[in-house]
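Trainee: Could you show me how to read a feature or two in a structure that is new to me?

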Amino acid sequence: MSQKISPLSLWHPAVILSTWFWSGLSPKAPGTIGSLAALPFGILIFHYLGAPALGMASLIAFGVGWWSTQIYLKHTGKSDPGEVVIDEVAGIWLALHATALTPLMIVLTFVIFRALDILKPWPISWLDRKVKGAFGVMIDDYVAGLIASVLLVIIKRIYDGNF
């Protein structure tokens, strides 16, 4: 854990981004709230720009999240604060980009991603324990999004009869 430097204003770009427009400041289930707050943006990107653009947006969110989380951790002295939810944004967008924009698939994306993020099966649990710092905050959720995307592609193929 790093030493606390100085407090950040709620209006600091690192706070706004790492908490995904303050959704991570929810007193209850900040990861779930952050994932829900990310979905409308992801759906709009997918709808208007396509799945490849959402995949790219997830990579951009990962990079921006790494940067903003690094600043947030430095200033708060925390190691993996619950209020940092940009990792959920990057992860759920990665999962969503691999599916279809139907209500069923959107709900499945949310449920599968959150289950993986909460239960942390291997290798997510290993990453969560072993990789520290801002990259560590980001990578376990990104891998959860990757695993969710694979599961969603399989489900979609079965559902479409293309398996």
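Mentor: Let's go through the salt bridges and then the nonpolar core.
Mentor: This is a predicted model, where local features need pLDDT of at least 70 and side-chain atom pairs count only at pLDDT 80 or more, while totals for chains, interfaces and linings use all residues. Residues are numbered from 1 along each chain as its sequence is written, and side-chain values use heavy atoms, leaving out hydrogens and water.

Trainee: How many salt bridges are there?
Mentor: Side chains of opposite charge can pair when their charged atoms come close. Here the count is 6, taking a salt bridge as a side-chain nitrogen of Lys or Arg within 4 Å of a carboxyl oxygen of Asp or Glu. One of them joins Arg-114 and Glu-88, at 3.7 Å from N to O. Arg-114 sits in helix H5 and Glu-88 in helix H4, so this pair ties together parts 26 residues apart in sequence. Helices are DSSP runs (H or I, at least four residues), numbered from the N terminus.

Trainee: Is Glu-88 buried or exposed?
Mentor: Glu-88 is buried, at 7% relative accessibility; buried means under 20% relative accessible area with a 1.4 Å probe, protein chains only.

Trainee: And which residues of the largest nonpolar core touch the most other members?
Mentor: In soluble globular proteins, nonpolar side chains tend to be buried together. In this core of 41 residues, they are Trp-20, Leu-54, Val-89, Ile-92 and Trp-93. A nonpolar core is a set of buried Ala, Val, Leu, Ile, Met, Phe, Trp, Tyr and Cys residues joined through side-chain atoms within 4.5 Å. H7 gives the most to this core, 9 residues.

Note on methods:
Buried < 20%, exposed > 50% of the residue type's maximum accessible area, 1.4 Å probe, protein only. Helix = DSSP H or I, 4+ residues; strand = E, 2+ residues; numbered from the N terminus.
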